[in-house]
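Reader: Please walk me through this structure, step by step. I am new to it.

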Amino acid sequence: MDKLIVAKSEPLWNTNNKVISIIGGLVVLLFALPLVGLNSFYLHLFIMIFMHAVMAQSWNVIAGFSGQISLGHGAFFGIGAYATSFFYMEYGITPWISIFFGMFISGVFAVLIGIPMLRLSGHYFAIATLLIGISFQVVFQRWDLVGAASGLWVTMTPEDSWTALQFHSSKLPYYYIFLVFFLISFFAVWVLSRSKLGYRLRAVRDDPQAALSLCINVSNYKIIAYVISAMIMAPMGSLFAQYILIIDPDRVFNIEISIIVLLITVLGGIGNVWGPIIGAAILIPISEYSRIYLGGTGGAVDLILYGLILMIICVFRPNGLISFIPKDILERKKQR
Amino acid sequence: MTSEIIFQAIVTGLMMGLIYALIAAGLSLIFGLMEIVNFAHGEHLMLSMFSSFWLWSLFGLDPLFSIPITILLMAFCGVLTHYFLIRYILKAKMLIQICATFGLSIFIRSIAQLLWTPDFRNVDKPLLEGRIELGSVFIGQPQLYASLVCLVAFIGLYLFVTKTETGLALQATAQDRHAAEVLGIPSNKMFAIGWAIGLGCVGVAGGMMANYFFIFTDVGINFALFAFVAVALGGFGSIIGCLYAGIIIGLVESLGGLLIDPSFKLLYVFVIYLLVVIYKPQGLFGRY
């Protein structure tokens, strides 16, 4: 029955030329940036921005495109992190392969969770995902095979190693790895947002009844979005585990991860491919700097800021910071 | 595994369940009125416990006597929440409403952490202490009185909503706020009253729990989770549903903890939630 739906996809490259050249320039700039000689703090800052942009992008797929609010997305981050570390330590499988294991496991879990739960609507789904996120943390805290509460300490290689994906002398390789993943996932979501699938997801979000009457299988499309979203999230967990090399349930399954992806996306602009990037580029520096300058006073100053920003954005700019940018710059030029 | 132990678990579960029920009733009232889930509910509970604690530690007021003050403070807090945040997001999308109250919860919790540090505190030597022996079953006095007070407050809330004029006006606003406005019921005022009562309920529960529970900044998270589950189980917006759902959750928690493994309490509640919500999406008594 799918043939009945004639959603006219936008051509991928028929964008404003100016935008293309700006994006191209930015990409070249990002690749060239470390050549200027960034110190390790700035490298760390950029790595965090890339990572959180992808994580938020993943949340954007499920919440922004298909309209299901997941408050437990940290679960997939944690699965990714545990997958690479566990397979490397137990079987010596290189993280480059187990990243895909992590993606696969996350995808399977997304299907298993999604089939019963995506039938729930609105608040019911949000609360269920909140419980999912915490359940994962509880289970991993008690699961002896993966180190229970003390977590996994990845065996360090004596030297930098590309096969083990560990670099001790410099953060530069991490910078490029995260950058490449950032670009890939950004491109993937961009393609998704302009494909038929993306249009159907938005139809499901905006009016499930109308979508159903057009033979769009609403719950299947929600599950597809959930799986895609989970599979974007998992590699970030894997790379994060390789970046810090010590993972424990309180760190990688922390509810804060689920909060921050939501915050970044809402700050930047939900349902928009650019939103998470703008959000991450603004929020992560704020949080890192506030940790440096205010963190010593013994509290969660960055969390106070998060909460405040989230409320202010919700009240005054529900469409996010992206709504400050005139629409015709971002979207395809209207042809006469 | 003797029958006494099981009976003990049932009594404990019932007592916790009544407290969950009252906390959930506040949440459900607010949701029924304006279809906003207060994700900061746990943090409001934390605030009420701290209010009780500080009144005890600064003025030497026993938590039992400071309950009226705590209730008033929480009601005021509810009106403030409505005035400064909620009334701006009444017409917003559901996502924005969830994010706004979620932001409020992070904000309150981290402010509390900054001001009071994440230390564990408790009220030393409150008036309610000790335990009662009924045959072989031990019942902690503070727990018993807390659950009884919560039950009384719950009945009071139920009578207020169903019998008094203000309560009926609240119900009218919940059913159709525009029609209610035509009949001269100012919906904004009703929302503020709803928030005051909703958080007042939390004030009762928090004030009574301050007698025996550890007081720390993250205390609300688990209670709020169970309250969300209770509201969804009972059906969003149904107050009487909260009572049954709260008791079910209390029993599942304590019996599951006894019979299987106490460290996975959350999971049992989660399974019950999923089963009910999947087979009866509107909850046990819901109208949505």
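Reader: Why is H9(A) largely enclosed by the rest of the structure?

Author: This is a predicted model, in which local features need pLDDT of at least 70, side-chain atom pairs count only at pLDDT 80 or more, and totals for chains, interfaces and linings use all residues. Residues are numbered from 1 along each chain as its sequence is written, and chains are lettered from A and ligands numbered from 1 in the order in which they are written. Helices (H or I, at least four residues) and strands (E, at least two) are DSSP runs, numbered from the N terminus; a residue is buried if 20 or more other C-beta atoms, placed from the backbone, lie within 10 Å of its own, exposed if 12 or fewer, and partly exposed in between. H9(A) is largely enclosed because its buried residues number 23 of 27.

Reader: What distance separates the end C-alpha atoms of H9(A)?

Author: The expected span of a helix is 1.5 Å times one less than its number of residues. H9(A) has 27 residues, so it should span 39 Å. The model agrees, with its end C-alpha atoms apart by 39 Å.

Reader: Where is A:Cys215, and is it buried or exposed?

Author: A:Cys215 is not a glycine, yet its phi is positive, about 65°. Its place is the loop between helix H8 (208-213) and helix H9 (218-244) of chain A. With 11 other C-beta atoms within 10 Å, A:Cys215 is exposed.

Reader: Which elements of chain A are included in the cover of the buried residues of H6(A)?

Author: The 23 residues of H6(A) should span 33 Å, and the end C-alpha atoms are 33 Å apart, which agrees. Its buried residues include A:Tyr174, A:Phe178, A:Phe182 and A:Phe186. The cover of the buried residues includes H2, helix H7 (196-206) and H9 of chain A.

Reader: How many residues of H11(A) are buried, and which helix of chain B do they pack against?

Author: Helix H11 (residues 255-268) of chain A reaches 20 Å from its first C-alpha to its last, close to the expected 20 Å. Of its 14 residues, 12 are buried, so H11(A) is largely enclosed by the rest of the structure. Among them are A:Ile257, A:Val261 and A:Leu267. In chain A they pack against H2, H3, H5, helix H12 (275-294) and helix H13 (301-316), and in chain B against helix H4 (94-116).

Reader: Which helix gives the most to the side of domain 1 of chain A that touches domain 2 of chain A?

Author: The bounds, from an automatic or database domain assignment, are 56-150 + 189-249 for domain 1 of chain A and 254-336 for domain 2. The C-alpha centres of these two domains lie 21 Å apart. Counting a contact when C-beta atoms, placed from the backbone, lie within 7 Å, domain 1 of chain A contributes 17 residues and domain 2 of chain A contributes 15. The helix giving the most to the domain 1 side, with 7 residues, is H2(A).

Reader: Which helix gives the most to the side of chain A that touches chain B?

Author: The contact joins 35 residues of chain A to 37 residues of chain B. H5, H11 and H13 of chain A each supply at least two residues of the chain A side. The one that gives the most, with 12 residues, is H5(A).

Reader: How many residues of the side of chain A that touches chain B are charged?

Author: Ala, Val, Leu, Ile, Met, Phe, Trp, Tyr, Cys and Pro count as nonpolar, Asp, Glu, Lys and Arg as charged, and the others, Gly among them, as polar. On that side, 27 residues are nonpolar and 6 are polar. The charged residues number 2.

Reader: In chain B, is B:Met74 buried or exposed?

Author: B:Met74 lies in helix H3 of chain B. Beyond its neighbours within four places in sequence, its contacts include B:His44, B:Leu199 and B:Val202. With 29 C-beta neighbours inside 10 Å, B:Met74 counts as buried.

Definitions and conventions:
Contact = placed C-beta atoms within 7 Å.
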